[in-house]
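This briefing looks at charged side chains that pair up. Please view the sequence and the structure below before reading the points that follow.

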Amino acid sequence: MSTQLPDEEQWLLQHYRQLSDEQPPSALDAHILAAARAQVAPQRPSWPRRLGQWLTAASRAQRGSLAFGSLASVGLVLGLVWQGLPQRDEMLEQHGHTEQSAMVPTPAAVMKPQGPPAMAAAPAAERQPARSAPAPAAPPSAGEPAALPVPRAAARIQARAQADAQMQMDEAAPAELDVVLLEILQLREAGRAEEAERLLDGVRGRHSEETLQERLGELERQRKARP
Amino acid sequence: VATAPDADETDAALLRRYRRGEVAAFDQLYQRHRAGLYRFLCGLSGDTALADEIFQDTWLSLIRSQVEQRENVLFKTFLYQIGRNRLIDYWRRQGRHLGREEAYDEALHARLDEAPGPDQQWAAGRDRQRLQVALQALPEEQREVFLLRAEADLELQEIAELTRSPAETVKSRLRYAIQKLRRLLVDPAVTEEVRK
């Protein structure tokens with residue numbers, strides 16, 4: 001069916017539209033537009049509906065809060081783990097030897113007694129190697145550089161203690177020897193040669209004959225040189 | 001986020017936006033169709049006060065209805081059908097019936113309706129008044145088809161669907177309505193003859 005109208009009909013429609021100018025009253029416009037606005041405005045539901053909505057919303061919120069809290073807790077734990085592990089490693093690197101020496105006795109600590117003087121340390125260690133000293137450590141590898149200085153230090157300290165003891169013995173020995181040798185010289189000068197010889201035999205076991213004769217000659221010269 | 005309605009936005013799109021809470025979409029929809037619907041109701045009822053009442057009922061019915069606009073039906077057809085049905089319901093309550101198709105045939109369509117127009121409008125002699133008188137002189141079925149064509153700018157097929165009438169019947173009603181109106185408007189003597 002053709003919807004085209006003849007020109008005459010088009011003219012009449014156009015003429016009618018030009019003459020027709022009725023408009024709805026403005027009050028009617030305002031009433032309808034206000035009703036349209038009121039219709040889309042949020043309406044207050046009845047109390048059972050509000051209660052249902054509140055319960056639904058509350059349970060939804062609780063579920064959401066629980067999920068959010070769980071995620072936050074997991075994130076917090078992961079963050080602490082990731083940030084805590086390197087710090088602990090650094091602390092172990094910085095204080096590892098201190099903690100280790102404090103908690104686990106090192107071979108040096110075991111070999112070096114706390115109370116007795118250093119002089120007695122080495123003999124004690126030598127006397128009880130199986131009971132107080134740990135098992136012999138394996139040969140130090142390249143990954144254990146700290147294991148090597150400890151025995152060396154202990155040996156150095158032990159050697160130093162032995163040297164100091166020998167020095168003290170050496171320093172005390174001449175003075176004690178000189179006293180004996182001077183007494184021998186006085187006995188000889190007094191004509192008491194036998195007593196002087198018995199006293200000299202007493203020191204011959206600890207000193208060589210050469211040392212004794214050399215020291216005796218020197219002390220005799222010093223006595224003669226004194227006014 | 002609500003955006004300002006586009007001037008080219010379809011009526012159905014505006015109605016959907018209004019259903020989602022955008023009042024501005026309804027404002028634009030109302031501005032598009034308020035005058036046409038109002039003139040359709042005024043012309044069909046011949047009663048401004050009744051047209052006001054039906055006009056308001058029509059829009060309020062649209063506002064309060066939550067049904068979406070069907071895609072295959074023009075909003076104009078939907079809107080004018082609401083107004084037409086409201087008017088018919090009113091007439092029925094008043095004991096008046098729209099549509100006397102059984103009493104009309106093509107021969108009757110060719111005859112001028114003898115219904116007189118308002119005397120005061122005749123006396124004014126103005127085109128607008130003469131037009132209103134001539135329009136009211138048309139049989140209701142012819143007047144309805146002409147108004148739907150002139151005010152709602154509906155195609156004949158759309159008018160046929162709205163009025164639930166055969167398309168050929170609609171076409172003949174429109175043709176006879178235009179012939180009568182032209183004769184009434186161009187030749188005042190004919191109008192005077194109708195008035196008498």
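**Salt bridges in a predicted model**

A network of salt bridges links A:E197, A:D201, A:R204 and A:E209. The model is predicted, and a search of the whole structure gives 15 salt bridges over all chains.

**From A:R17 to B:D153**
- A:R17 forms a salt bridge with B:D153, and their closest N and O atoms are 3.5 Å apart.
- This pair crosses between chains: A:R17 lies in helix α1 (residues 7–19) of chain A, while B:D153 lies in the loop between α8 (140–150) and α9 (156–163) of chain B.
- A:R17 has a relative accessibility of 35%, so A:R17 counts as partly exposed.

- B:R149 has a relative accessible area of 7%, and buried means under 20%, so B:R149 is buried.

**From A:D29 to B:R34**
- A:D29 and B:R34 form a salt bridge in which the closest N and O atoms are 2.7 Å apart.
- Here too the pair crosses between chains, from helix α2 (residues 26–40) of chain A, which holds A:D29, to helix α2 (residues 23–45) of chain B, which holds B:R34.
- Are these two residues, A:D29 and B:R34, buried or exposed? Both A:D29 and B:R34 are buried.

Notes. Residues numbered from 1 in each chain as written. Chains lettered and ligands numbered in written order. Predicted model: local features only at pLDDT ≥ 70, side-chain atom pairs only at ≥ 80, totals over all residues. Heavy atoms only, no water. Salt bridge = Lys/Arg side-chain N within 4 Å of Asp/Glu carboxyl O. Helix = DSSP H or I, 4+ residues; strand = E, 2+ residues; numbered from the N terminus. Buried < 20%, exposed > 50% of the residue type's maximum accessible area, 1.4 Å probe, protein only.
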